[in-house]
Amino acid sequence: MKNIGLALLLFAANITIAQNDLPIYDKVNFVKEMDAKNMGKNSLFIASPFAKPQLSDIRDQDLAGKQIKKITYLYSNNNANPSFGQNELSNSRYKNLMSELSGADLANVEWETKVQVGCGTIPCSQKLDHGFIIEFEEESNSIQGQLGHHQLENQQKTIRANQANTIKGKEGTLVKIPENAFVDAFGNEVIGNVDINLKEALTTEAIVLANLATVTSNGEILQSKGMIELTAHQNGNEVYVKEGKNIKVTVPTEFEEGYSYFEGEQKEGNLVWANPVPIEKELNEEAVDNQVKVDLIVAQGQVEFVQNEMVATSSSYTNLKLIKVTVNKKGVGYDITEKSIKNRSFNEETFTKAEIDSIQSWFDNDFAPLGGGWQGRNDFLMNKNANDMVGVNLGGVSQDLANTFRMKKLGWANIDCLTRGNNVKKIRYNVAQNTIDSLENFTISLVVPSRRTFIPGYEMKNGNYSFTHGDNEPMALMPVGEQAYIIAMGDKDGQTYFELKQVKIGERTIEELDLAKMNKDEALDQIKKTL
């Protein structure tokens, strides 16, 4: 009965939306909940009191010189009370917003409505936001606009929700998704196709360019073994990991005792790390035991039929050359062989054109089609003779060269530990620069490449910047004596000012900077070449 009631509610909502020509009804998606107060520095949240149309006032300086890119209307859907007059309330809020934005250019603004379904189960007035999120266009002349998560490639794969799937990222991250792993915002099991999005930041350069600070929610400094973002959607709506399920992730960075998997969360517009779960060696061993220890993935291969056998050719990999692939017609996985040990072949007519195209796409994209997964875990052979090796459509990774953990919540994940080592000591480490106050959009950060540590600077009361917690905690644990870089940047009169300074941590208590004019593309190139 519960699902029927929700279906009727959605049906009724869709009828109402279709009858309304306001832009807030053009694109409506459902989410569990959303923290509108932590959208970042380039956005503005205009709140509305619970169940009332009035919005908090927008000050002129909030909009001065800014071009609006997107407006998201956010409200809570009271699924416990379908008769709740949400449509009339939304219309009133929209009219209130238009009066607040009087004179603003809205011709090319993208509109979206996100309905939070938690209302009725969580106190709406306490834990869910209501109102409008206004996102602004990045200033084209600002170097800060060139940094961010958009620097990371968004790798998208479409899977079937009712099948086990394994995805391999371009940097080598393996994501194993069990069958029936997702639910929608209402808690209903997801069926059909699901779009999986993966972003990888496994190097210092990627972490810095994506502006991913390595700091806990308490301000503690971390050292990282790599970060990923994993999200899933169906028809534009977020889907969530079903209770009792988890997604196994293996990141190809060196395993070291004492590291944990941290979840990402927003705090004051910044991504920070919380809820650590230790990464155990036993889980790494499990990942290796279920794979062949030599990577036989085809980087770029060509599938064809030769004498009624499906074969694949590829360049040499770890001194092996893949010469043949045999395919299990059941669609649960594919065996890769160096030579035809199992002596299985299929006639071309056995496969449909769609299946052949799908298999070809696997070789093109390092991805297992038709539901992914793999078969015969207990049938793997590992002999001394490389010519007798049998593999699967996954690259095996030594347990010392991988970190494996299980995600129960989609989003950002980071493999970290608190900064540690014999040279880690509590020190004061600040930066002074005479012209900082005259620069707009000024940011400063400290990078320790050997630890993949990226720390944002905090402005102190005296105008200097600190790499600790600021004035309240003037000292922090840092790797004294290690090579690091201070990256400082800002804008003035449409010009970028930039400095990337090599330093040795702890050599001086205060570093002096001298930013110079630089083209923003040159500044980005300098970061890439240095890190």
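This is a predicted model: local features need pLDDT of at least 70, side-chain atom pairs count only at pLDDT 80 or more; totals for chains, interfaces and linings use all residues.
**Stop 1: the largest core**

Start with Ile24, Ile71, Leu97, Trp111, Phe132 and Ile134. These residues have the most contacts inside the largest nonpolar core, which has 33 residues. Which strand gives the most? Strand 3 does, with five residues.

Keep Trp111 selected and show what surrounds it. Setting aside neighbours within four places in sequence, Trp111 is in contact with Pro23, Ile24, Lys27, Ile71, Tyr94, Leu97, Met98 and Phe132. Four of the names above, Ile24, Ile71, Leu97 and Phe132, are also among the core residues with the most contacts.

**Stop 2**

**Stop 3: aromatic rings**

Show the aromatic side chains. The structure holds seven aromatic pairs. Take Phe30 and Phe186 as one of them. Their ring centres are 5.4 Å apart and their planes meet at 55°, so this pair is tilted. Trace the chain between the two rings. Phe30 belongs to strand 1 (residues 28-31), while Phe186 sits in the loop between strand 9 (182-183) and strand 10 (193-201). The pair links distant parts of the chain, 156 residues apart. Are these rings buried or exposed? Both Phe30 and Phe186 are buried.

Move to Tyr261 and Phe405. This aromatic pair is stacked, at 4.6 Å centre to centre and with 15° between the planes. Here too, distant parts of the chain are linked: Tyr261 is in strand 15 (residues 260-267) and Phe405 in strand 22 (residues 403-407), 144 residues apart. Tyr261 and Phe405 are both buried.

Then pick Tyr73, Tyr75 and Phe132. They form one aromatic cluster. Phe132 was also on the Trp111 contact list.

**Stop 4: lysines over rings**

Select Lys66 with Phe136. The charged end of Lys66 sits over the ring, 4.9 Å from the centre. Now select Lys225 with Tyr259. Lys225 lies over the face of Tyr259, 5.1 Å from the ring centre.

**Stop 5: a hairpin and its other partner**

Show strand 7 (residues 165-168) and strand 8 (residues 174-177) as a cartoon. They run antiparallel and are joined by four bridges. Begin at Lys168. Its bridge partner in strand 8 is Leu174. Strands 7 and 8 form a hairpin, with five residues between them. Click on Gly172 in the turn: its phi is positive, about 105°.

Strand 8 also pairs with strand 14 (residues 247-251), in the antiparallel sense and over three bridges. Where does Lys176 point you? Lys176 stands opposite Lys248 in strand 14.

**Stop 6: Ala488**

Finish at Ala488, in strand 31 (residues 483-492). How buried is this residue? Its relative accessible area is 0%, so Ala488 counts as buried; the cut-off is under 20%.

Display the surroundings. Not counting residues up to four places away in sequence, Ala488 touches Phe442, Thr443, Ile444, Tyr497, Phe498, Glu499, Leu513 and Leu515.

Conventions. Residues are numbered from 1 along each chain as its sequence is written. Side-chain values use heavy atoms; hydrogens and water are left out. Rings of Phe, Tyr and Trp (its six-membered ring) pair if their centres lie within 6.5 Å; planes under 30 degrees apart count as stacked, over 60 as edge-to-face and the rest as tilted. Helices (H or I, at least four residues) and strands (E, at least two) are DSSP runs, numbered from the N terminus. Buried means under 20% relative accessible area, exposed over 50%, partly exposed in between (1.4 Å probe, protein chains only). A charge sits over a ring if NZ of Lys or CZ of Arg is within 6 Å of the ring centre and within 35 degrees of the ring normal. A nonpolar core is a set of buried Ala, Val, Leu, Ile, Met, Phe, Trp, Tyr and Cys residues joined through side-chain atoms within 4.5 Å. Contact means heavy atoms within 4.5 Å. Two strands pair if DSSP finds at least two bridges between them.
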